[in-house]
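Okay, thanks for coming, everyone.

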Amino acid sequence: MKLAPFLMALSAAMTFGFFIGLTFPVAITPKLQCGRSSGAANSRFSDTSILGRLWAPLRNSTTSNATSGIAKVARNPQGAERLPPGIVVSESDLHLRRIWGSPTEDTATRKYLLAMAVGYTERVNVNANVHKFSNNFDVVLFHYDGRTTEWDTFVWSKQAIHISAKKQTKWWFAKRFLHPSIVAPYDYIFLWDEDLGVENFTAEAYINIVKKHGLGISQPGLDVTKGKKIYDVTVKRDASEMHKTDAGGQYCSDMHRRPCSGFVEVMAPVFSRDAWKCVWYMIQNDLVHGWGLDFNFWRCVDDPEEQIGVVDAQFVVHHGVPTLRGQGNRGKQRSTDKVSARQYKEMLAFYSRISNADKELANSTTTSSSAT
């Protein structure tokens with residue numbers, strides 16, 4: 001008989017506890033979960049139990065929220081899936097920043113980028129080039145001769161980025177240091193050789209013409225009275241602001257073929273941000289001279305005959321100084337000839353690769369069409 005009051009008290013306590021659980025599930029539920037997930041596999045109560053059914057709506061809501069969060073993370077760049085999206089920074093720039101003061105008070109990234117592969121022997125000409133580019137440009141110099149500190153005799157050099165790797169080419173540097181995510185802030189990228197005469201060139205005026213005519217890829221016209229040329233289409237026209245074709249020229253019976261239209265050379269190209277994204281992927285990691293790229297720049301705009309052009313009103317002189325070629329395998333017999341031989345080998349290799357890639361794409365497209 002003495003057991004009856006105890007049993008009645010225990011029953012009352014259990015009933016009270018049950019209704020407390022129904023009233024305050026949010027407070028209690030976390031204590032009833034284990035593991036890292038709120039899913040059924042890690043829940044202490046299965047969906048078939050009474051408490052499992054009572055807490056199912058709450059658990060499903062939590063799972064839904066977690067799934068929603070995972071979906072957002074999945075949109076992060078590859079490698080950043082574990083991070084909350086709000087902290088991910090997928091782009092950068094080549095703008096110098098202070099190591100003191102507030103980051104919010106640093107100077108802003110420039111609108112455009114000038115990148116040049118240079119050797120110290122051409123410093124006078126490079127200095128003349130840089131002075132034709134306004135404060136709207138960030139400047140990066142790729143040093144193929146290993147000499148960097150000597151450039152600090154120029155005031156502007158202290159605000160430039162200097163990257164050094166001996167006996168490497170402009171396109172080797174570009175593939176490794178001008179990834180689209182690094183140059184994303186820049187509207188236009190000037191990727192120039194070091195031997196261009198710029199007496200009749202101003203970068204800001206050039207950009208105005210490029211924007212006016214909607215050019216995604218361009219170059220300044222070449223003054224052949226003072227310098228060299230390879231293709232007629234790149235020669236400056238005297239009575240023109242810009243031109244896009246050499247139709248009717250001696251070697252251009254078909255204006256739709258390169259280099260008669262949709263063509264600029266590799267020595268002084270200027271790329272829009274979108275065009276450069278495409279060109280960067282086309283640069284082959286092991287083909288360092290970039291020969292053959294110019295005949296395929298057309299792939300990186302929607303309408304090559306309209307979006308690729310030569311700016312006549314802002315022109316340059318190509319001196320054709322073979323400074324990098326002279327670096328070669330210095331001291332050994334016929335070093336320059338060996339560099340030239342590699343350039344031609346690379347060009348043939350590039351043409352072979354892109355031809356094969358075109359064929360593979362065509363075959364896969366045909367196969368897909370047949371399957372449907």
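So, the lining of the second largest cavity: by class that's 5 nonpolar, 2 polar and no charged residues. For the classes, Ala, Val, Leu, Ile, Met, Phe, Trp, Tyr, Cys and Pro count as nonpolar, Asp, Glu, Lys and Arg as charged, and the others, Gly among them, as polar. The residues in question are Ile283, Gln284, Leu287, Gly290, Trp291, Leu293 and Phe350, and the space inside is about 50 Å³. Searching the whole structure turns up 2 cavities of 30 Å³ or more. A cavity here is a set of points, on a 1 Å grid over the protein atoms alone, where a 1.4 Å probe fits but cannot get out, and lining residues have an atom within 4 Å of a point. Points are joined across faces, edges and corners, and the volume is the space filled by probe spheres set on them.

Quick housekeeping: this is a predicted model, so local features need pLDDT of at least 70 and side-chain atom pairs count only at pLDDT 80 or more, while totals for chains, interfaces and linings use all residues. Numbering runs from 1 along each chain as its sequence is written, and side-chain values use heavy atoms, with hydrogens and water left out.

Now the cores. Which residues touch the most other members of the largest nonpolar core? Out of its 38 residues, those are Phe142, Trp171, Leu178, Leu191, Ile217, Trp276 and Phe297. Elements giving two or more residues to this core include strand 1 (112–118), strand 4 (188–192) and helix 10 (335–371). Helix 7 gives the most, with 5 residues. There's also a second, separate core of 34 residues, with Val130, Trp192, Tyr206 and Val210 among them. By core I mean buried Ala, Val, Leu, Ile, Met, Phe, Trp, Tyr and Cys residues joined through side-chain atoms within 4.5 Å. Buried is under 20% relative accessible area, exposed is over 50%, and partly exposed is in between, with a 1.4 Å probe and protein chains only. Helices (H or I, at least four residues) and strands (E, at least two) are DSSP runs, numbered from the N terminus.

Have a look at Phe271, in strand 8. Buried or exposed? Phe271 is buried, at a relative accessible area of 0%. Not counting residues up to four places away in sequence, Phe271 touches Trp171, Ile217, Trp276 and Phe297, among others; contact means heavy atoms within 4.5 Å.

On to strand 3, residues 161–164. Strand 3 pairs with strand 2 (residues 137–143) in the parallel sense over 4 bridges, pairing being at least two DSSP bridges. His143 sits opposite Ser164.

Most residues other than glycine have a negative phi, and most peptide bonds are trans. Lys167 has a positive phi, near 60 degrees, in the loop between strand 3 and helix 5, and is partly exposed at 43%. Then Arg258 and Pro259 are joined by a cis peptide bond, omega about 10 degrees, and Pro259 is in the loop between strand 7 (242–243) and strand 8 (270–272).

Conventions
1 Å grid on protein atoms, 1.4 Å probe; cavity = no way out; pocket = protein on both sides within 12 Å on 5 of 7 lines; lining within 4 Å.
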